[in-house]
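Have the structure open while you read.

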Amino acid sequence: MTRRQPPLVSRMRGHTATVFGEMSALALATGSVNLGQGFPDTDGPDIVKEAAIRAIREGRGNQYPAAHGVPELRAAIAAHQKRFYDLDIAPVTDVVVTTGASEAIAATLLALVEDGDEVVMFSPWFDLYAAAISLTGANRVEVPLTPGSFRPDAGALRAAITPRTRLLLLNTPHNPTGSVFTRGELLAIAEVVLEHDLWVLSDEAYEHLVFDSKQHTPFSTLPGMAERTITIGSAGKSLSMTGWKVGWASGPTDLIAAVRVPRQHLSFVSGGPFQWAVSEGLALPDDYWAEFSSGMQLRRDLFCNGLRDLGIPVIVPEGTYFATSDVRSLGYDDGWQFCRDLPIRAGVVAIPHQVFHDNDDAGKPYVRWAFCKRPEVLNEALERLARAFG
C-alpha cells in the first residue's frame with residue numbers, strides 16, 4: 001500500500017509551530033516569568049473598554065459589521081493619519097479594517113505577490129512575515145541589519161534586488177530589535193524602491209512606542225512613496241488591547257482595493273463592537289499618547305538598567321516592547337540553547353533571535369526580552385536572573 005503523503009502542503013511545513021507556543025508552554029511548565037511573547041500584562045484605557053461594552057449593549061457590531069470596517073473606525077484611522085503625520089487618505093476607499101495587523105499583512109501579500117516573486121525584507125524579521133510569504137508561493141530574501149547596532153543598509157538592500165523582486169516588507173519601529181529607522185535611512189531605502197519600481201508593505205504597528213525623543217517617520221510620507229506603500233496599523237499595540245485583534249491597512253485606492261479582495265475571503269469581518277471602541281481610542285487626547293510612550297520607556301529603563309547592573313549586556317531599544325542581549329558573555333554561543341536553559345536555570349523566558357532569520361548564524365548570539373510588563377513582574381524577573389547570573 002502506498003503511504004499517504006503528509007496532508008499539509010509543502011510550502012507551510014516549515015511553519016507548523018511557533019517559538020512563542022514552545023516558550024510559553026515552557027514558561028507554564030516551569031513557573032517562569034514570561035518575557036517571551038510581546039503583549040502587555042495590563043489593559044488599555046478604561047474609556048476604550050467602556051466603549052466596547054456600550055457598543056455591545058446598544059447592538060452595534062453584534063452582527064456582521066461593514067465588510068471593510070465600520071465607517072466610524074475608517075474615519076478615525078484617516079483622522080489619525082492626518083493628525084499625526086499630515087497624510088490625507090479617504091476613509092471610504094483608502095482604508096480596510098482587518099483581524100489584527102497580522103491579517104492586514106497576509107492579505108497585502110496575497111493581493112500583491114505572485115507565485116515565484118521575491119519579497120525582500122530586513123532581518124531579523126517577525127516570524128509571521130515568513131509564514132505569510134510562504135502562503136503566497138513567493139520567495140523571501142533577507143537583508144541583514146547591521147549586527148549589534150541593527151541599522152538598515154540601503155546598499156545591501158540594493159544588492160539583494162533581482163528582476164523577480166516585487167515587494168519590500170519594511171518594519172519600523174522594528175520587531176525584534178527595537179530600532180527606529182531614521183528619516184535619512186528611510187530616504188535611502190526609498191531611492192532603492194524607486195529604482196526598482198517596488199511595492200512597499202510598511203508594518204508600523206509600534207508607531208506610538210518610540211522613546212528618547214526619537215521620531216517615527218511613516219514610509220508613505222517620503223517623496224514618491226505614498227502611491228506605492230500600504231501602511232499597517234494595530235489597535236492591539238497602540239491601545240494595549242492585543243486580544244481584540246483589530247488592525248488596518250491604509251494607502252492608495254488601487255492598492256487598498258486589491259488588499260480588500262483576499263481579506264474578505266479570510267475572516268470576512270470580525271470584532272464589530274471593538275471596532276467602534278477603537279474609533280474612540282484613536283481620538284484620545286495627546287496626553288494619552290505621550291503617557292503611553294513615556295510609561296513604556298520607564299519599563300524599558302527599569303529592565304535594561306537592571307540587566308546592565310547584573311552584567312548582562314543589553315542593546316537598548318529606541319522603540320517597541322523589546323530589548324536584545326548578546327549572551328556570549330554569559331557562556332552561551334547559541335541563543336536557542338540559552339533560551340531553553342533559562343526557564344530551568346533562572347525561571348525566566350526569552351526568545352532567540354535565530355527564529356527571526358533564515359540564516360541561523362546571523363542571529364545566533366542574540367535573544368529578545370519583552371519588557372511590556374508591570375514593574376513588579378520585571379523586578380521579579382531581574383531578581384531571578386540575579387540569582388542565576390549575579
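## Sheet, helices and a serine

In this predicted model, E6 and strand E7 (residues 229–234) run parallel to each other, paired over 4 bridges. Across that pairing, Ser202 sits opposite Thr231 in E7.

Zoom out and you'll see an open sheet of 7 strands with mixed pairing, in the order E2-E8-E7-E6-E5-E3-E4. At the edges are strand E2 (95–99) and E4, each of which pairs on one side only. On average, neighbouring strands of this sheet are turned by 25° against each other, direction ignored. H4 lies across E2, E3, E5, E6, E7 and strand E8 (246–250), and its angle to E7 is about 160°.

Now for helix H5 (residues 127–136): 8 of its 10 residues are buried, so it is largely enclosed by the rest of the structure. The buried ones are Asp127, Tyr129, Ala130, Ala131, Ala132, Ile133, Ser134 and Thr136. Here's what these buried residues pack against, E5 being another partner:

| Partner of H5 | Residues |
|---|---|
| helix H1 | 19–30 |
| helix H4 | 100–112 |
| strand E3 | 118–123 |
| strand E4 | 139–144 |
| strand E6 | 199–203 |

Just past H5, Gly137 has a positive phi of about 85°.

Last stop: Ser179, in the loop between strand E5 (165–171) and helix H7 (183–196). Is Ser179 buried or exposed? Its relative accessibility is 4%, and buried means under 20%, so Ser179 counts as buried. Setting aside neighbours within four places in sequence, Ser179 is in contact with Ser149, Phe150, Arg151, Thr172, Pro173, His174 and Glu318.

Definitions and conventions. Residues numbered from 1 in each chain as written. Predicted model: local features only at pLDDT ≥ 70, side-chain atom pairs only at ≥ 80, totals over all residues. Heavy atoms only, no water. Helix = DSSP H or I, 4+ residues; strand = E, 2+ residues; numbered from the N terminus. Buried < 20%, exposed > 50% of the residue type's maximum accessible area, 1.4 Å probe, protein only. Contact = heavy atoms within 4.5 Å. Pairing = 2+ DSSP bridges. Axes fitted to C-alpha atoms, helices over the stretch in contact; angles between N-to-C directions.
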